[in-house]
Amino acid sequence: MRATDSAHRHDRLALRLSVIISRLLAGESLSLKALSGEFGVSERTLRRDFSQRLLHLDLISDNGCWRLRTNPMRDHTPGALAFARNTGIARLIPSQSRQLMQLLMDENGTSPCLIGHVHQPAGILPDCFQRLAEAIYHHRMVSLLVKGIRHDHLEPYRLIFSQACWFLVACRQGAIHVFSLHEIISVSLSEQHFRHRNETNALIAMEDFINALPHFHFISNVIHTFREHSPEPHTRPKGVKT
């Protein structure tokens with residue numbers, strides 16, 4: 001019987017705590033007196049629940065009632081600054097003070113800024129975007145299926161938004177490749193990792209490179225055509241220096 005009683009007592013405790021937590025997360029303010037009548041336990045027991053068993057929650061007590069602490073102006077600065085700098089949005093914001101970052105990240109007030117785009121990028125598969133972001137972050141090689149053509153052994157460097165379109169900048173055997181995300185059908189992550197090249201990171205962050213992304217294939221084809229038709233050193237006309 002003792003074992004059975006102990007099990008029942010633990011079951012009642014687990015049920016009581018689960019109900020209390022769910023109500024707290026829903027934003028309710030819980031009265032010890034009301035909970036005591038509902039669960040058939042003393043206010044002292046409930047006080048121990050809040051102060052000891054639920055110690056990991058950010059709770060505050062006010063006149064016999066317990067609730068989650070809410071701070072609409074909590075410090076979002078580190079996360080806001082990291083997001084702004086990592087995505088390049090920091091270049092658009094004249095000030096990156098703590099006060100402004102808090103205003104931009106707060107969800108309760110009126111957002112002071114709105115960044116407009118021509119239109120929302122269409123045709124991008126969310127799963128592909130997510131996998132590419134993970135591969136870039138963890139430096140994992142990928143294989144892509146683009147318009148029915150498979151591209152293997154790619155080193156994904158960045159997802160870049162330019163002129164209302166998302167582009168993937170990747171490398172293979174030292175050469176840069178650019179893919180429009182709306183043309184990517186599937187993404188497979190490899191277990192093989194790669195190391196970023198500093199010169200490549202510097203190049204793809206340049207404003208001229210980013211602006212040229214929509215025309216990357218055209219520029220590459222032009223360069224390739226000139227290379228194919230350029231005379232070999234032994235066939236160059238006399239007088240032309242190599």
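In helix α3, which spans residues 43-53, the buried residues are Thr45, Leu46, Asp49 and Phe50. Viewed along the axis of α3, these buried residues fall within an arc of 140°, so they line one face of the helix. The model is a predicted one. Its chain has 242 residues, of which 27% are buried, and its secondary structure comprises 9 helices and 8 strands.

**Chain overview**

- Contacts between residues at least 6 apart in sequence include a 56% share that joins residues at least 24 apart.

**The two faces of helix α3**

- An α-helix has 3.6 residues a turn, so residues three or four places apart point the same way.
- The buried residues of α3 are Thr45, Leu46, Asp49 and Phe50, and the face turned away from this buried side carries Arg44 and Gln52, both exposed.

**Packing of α2 against α3**

- Two packed helices are described by the angle between their axes and the distance between the axes.
- The axes of helix α2 (residues 32-39) and helix α3 come within 9 Å of each other and cross at roughly 110°.
- Since angles of 65 to 115 degrees count as roughly perpendicular, α2 is therefore roughly perpendicular to α3.
- The crossing of the helices α2 and α3 is right-handed.
- On the α2 side, the contact is made by Leu32, Lys33, Leu35 and Ser36, and on the α3 side by Glu43, Leu46, Arg47 and Phe50.
- Sorted by class, this contact of α2 with α3 has 4 nonpolar, 3 charged and 1 polar residues.
- Leu46 and Phe50 take part in the contact with α2 and are also among the buried residues of α3.

**Positive phi in loop residues**

- Most residues other than glycine have a negative phi, and most peptide bonds are trans.
- Asn63, which is not a glycine, has a positive phi of about 55°.
- Asn63 is located in the loop between strands β2 (59-62) and β3 (65-68), and is exposed, with a relative accessible area of 76%.
- Gln173, a residue other than glycine, likewise has a positive phi, near 55°.
- The position of Gln173 is in the loop between β6 (165-172) and β7 (175-180), where Gln173 is exposed at a relative accessible area of 80%.

**Residue pairs separated in sequence**

- Arg12 belongs to helix α1 (residues 2-25) and counts as exposed, at 52% relative accessibility.
- Between the C-alpha atoms of Arg12 and Phe39 the distance is 8.7 Å, with the two residues 27 residues apart along the chain.
- Ala122 is placed in the loop between α5 (98-105) and α6 (126-138), and its relative accessible area of 59% makes Ala122 exposed.
- The C-alpha atoms of Ala122 and Leu181 are separated by 9.5 Å, and the residues are 59 residues apart along the chain.

- Leu81 is part of helix α4 (residues 77-87).
- Buried means under 20% relative accessible area, so Leu81, at 14% relative accessibility, counts as buried.
- Leaving aside residues up to four places away in sequence, Leu81 touches Gln96 and Met101.
- Leu81 and Arg98 are 17 residues apart in sequence, and their C-alpha atoms are 8.9 Å apart in space.

Definitions and conventions: Residues numbered from 1 in each chain as written. Predicted model: local features only at pLDDT ≥ 70, side-chain atom pairs only at ≥ 80, totals over all residues. Heavy atoms only, no water. Buried < 20%, exposed > 50% of the residue type's maximum accessible area, 1.4 Å probe, protein only. Helix = DSSP H or I, 4+ residues; strand = E, 2+ residues; numbered from the N terminus. Arc of directions from axis to C-beta. Axes fitted to C-alpha atoms, helices over the stretch in contact; angles between N-to-C directions. Parallel < 35°, antiparallel > 145°, perpendicular 65-115°, else oblique. Left-handed = near helix turned anticlockwise from the far one by under 90°. Contact = heavy atoms within 4.5 Å. Nonpolar A, V, L, I, M, F, W, Y, C, P; charged D, E, K, R; others polar.
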